[in-house]
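Thank you for making time for this.

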Amino acid sequence: MICVALPGLAISTHSGQLTGHGLDGFYRAGRRVLSRCRVRVAGREPLPVQARMMSADCARFVGTLSVSPQAGPDPDVVVERTRHADGSERIVLHSTGLRPLRVPVEISLGTDLADLGAIACGNTGPELAATVHDSGLRWTSSVGCAAVTADPPPTDALASAGLLRWELALTPGGSATIELRVRQDGAGPVRAVGRAATSPLAPARATGDDPRVEALLRTSIEDLQALLLRDPAHPADMHLAAGVPWRCGMAPAEALAAARVALPLGTRLAVGTLRTLARSQHRTQGRKFGMIPGPIRDAGTHLPPSCTGTEATLLFPTLLAEARRWGMSDADTEELLPVAERCLSWLRTTTGDGTYLRDPHPDGPVRCETQAHAHRAALLGADLLDACGRPGGAELRAWAGALRSAFREDFWIDDVGGGRPAAARTPDGRLVPHLGAAAAHLLDTGLLGGGEQAPGLLDRVRTEQLARLLGGPAMDSGWGLRGLGAKEPGHNPFGHRTGAVRVHETALAVAGLAAADYEKEASALLRGVLAAAESFDHRLPEMYAGEQRTDGSAPLPHPAACRPAATAAAAGVLLLMTLAGIRPDVPGGTVTLRPMRSAPVGEIVLTGLRVAGAPFAVRVSRLGLAMVEEAADGLQLRV
């Protein structure tokens, strides 16, 4: 169970006891400041009876004990622990007995001050020696110091054992409370960005016939808020960490992708993300000029690792163009436009006289999804340049047209089943035929003016065939879209890119299929993710096993998945927004609604969204008809 309010983090098992083993502990900025926190009452550990996440940053654990000899099988003490990501814990002992009780309470504490990366690799050192400090204990090492203070102060403290002791008196039906606070020396209290009054995310709500939509949107927004970080040098600029616990920093491509699908919650997250990444753009003349740097990403067994810097560079102008449609200010657009121009210049310089955008490393393949990113960036970038009176739009459209024509000839594999898009072309021209979730990016064509979707790389006939493939049993696990089809060589239901359900790609597929009027396939994938979300208490992980759904089954968690993760939390937002089909064009003064006519979850009402910086609300009826209930003055509705 993970409580998140970055840079604070608390990881616990369902018992509530922090044992010092595995990932257990309180963390601050990637360092474990407390690894052991075990509570004993009358010499025994409470029997765990319940563990619940109360919010993204808070968990509650309940245990019981029988303390008095007269209690019999019924517990007479209930221990309730409320743990927060900011390093605080409240321990309350409730008496349910009929007689006064006097109970000894011991809390054993310890830490190794280990780095999260070292813990993940199993390279932690021994626990540090403690000293008595103030009303608690303190630990010191070469990497820093940590301390725990208690209120009320303990009656006894044993540094050698890392032990705090109390003698508590409980009246019948009465309670006693101990509050612990974990601090890293030299660091102030953890102040989560998402909890501040300046959070960039609107507190949107969903209600309707299906109660799961309310829980999914609420939890998704809470998780996005918990993952917010500030640029230390420019604290007004906020962006999302990739995920917890493994990637608590920014991953450029994923931060941009999450900010893009979170645009219905306002444009401020997009502005902060774009500004932060603009400062990392390569400005030195050379082949990387204009590129947004990013790490490599595993691509499965059939392709070499991909460069997420390429994806981030192409997502930058896409996000800027779409954020402008949602209501980003002219001042912010003008500030970030030169960065987007350099991204687009990198695209055209890198492709040169050729048609395709290859991987940047030597002998790299031409990936299907990279061409989809590049095509979308060119069309939306051209639209943006034209709107801002900048040159280059015509050239980008011409190149996108050439790419579209070549792709339809070079990337389609005909077979008896109707064909499929190739995953990639190797340098020698060989097609990589494996069908995976990356093909969903072909449906994510981007938003132009007037509520129109940009054209895609596939024609109508091949888009229909792709819809059939994505909606078929080889790709749709019943819980979402598999990373690699079940019939493909090398399929592994737990494989990062070779069979596990990727929530972000599934949401993109749902949105793309719905936009292309393939609602049967979109609805099936949507219902699958909603069912999976229910199993995960509506906190979607970035991936889970692509095992086939059967009656009475539940999705299997992936042991290496981040949960929460930025793209998965944002995917929850995208799935629900797809039901209403909101397509704003604030510069054009319009908002277009293209709801799913099949209304797969019945009636749904979305309130507290942001379009043009103002509240926006929409209702979709059980007949699939949409009606705006609140909007900024001056916006014209188009249907």
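When I speak of helices and strands, I mean DSSP runs, with helices being H or I over at least four residues and strands being E over at least two, numbered from the N terminus. Please keep in mind that this is a predicted model, in which local features need pLDDT of at least 70 and side-chain atom pairs count only at pLDDT 80 or more, while totals for chains, interfaces and linings use all residues. Residues are numbered from 1 along each chain as its sequence is written, and side-chain values use heavy atoms, with hydrogens and water left out.

A pocket here is an open set of points on a 1 Å grid over the protein atoms alone, where a 1.4 Å probe fits and protein lies on both sides within 12 Å along at least five of seven lines; lining residues have an atom within 4 Å of a point. A volume is the space filled by probe spheres set on those points, which are joined across faces, edges and corners.

The largest pocket has a volume of about 870 Å³, and 32 residues line it, with Met1, Ile2, Met53, Arg539 and Arg563 lying nearest its centre. Strand 7 (47-55) and helix 2 (211-226) are the elements that give two or more residues to this lining, and strand 7 gives the most, with 5 residues.

The second largest pocket holds about 660 Å³ of space, and of its 31 lining residues, Gln453, Ala511, Leu574, Ile582 and Arg583 are the closest to its centre. Helix 10 gives the most to this lining, with 5 residues, while helix 3 (252-261) and helix 5 (308-326) are among the elements that each supply at least two.

Let me stay with helix 5, which has 19 residues and reaches 26 Å from its first C-alpha to its last, close to the 27 Å expected at 1.5 Å a residue, that span being 1.5 Å times one less than the number of residues. A kink of about 25° lies at Leu315, shortly before Pro317, the bend being the angle between axes fitted to the seven residues ending there and the seven starting there.

Finally, Arg260 is found in helix 3, and Arg260 is buried, with a relative accessible area of 10%.

How values were computed
Buried < 20%, exposed > 50% of the residue type's maximum accessible area, 1.4 Å probe, protein only.
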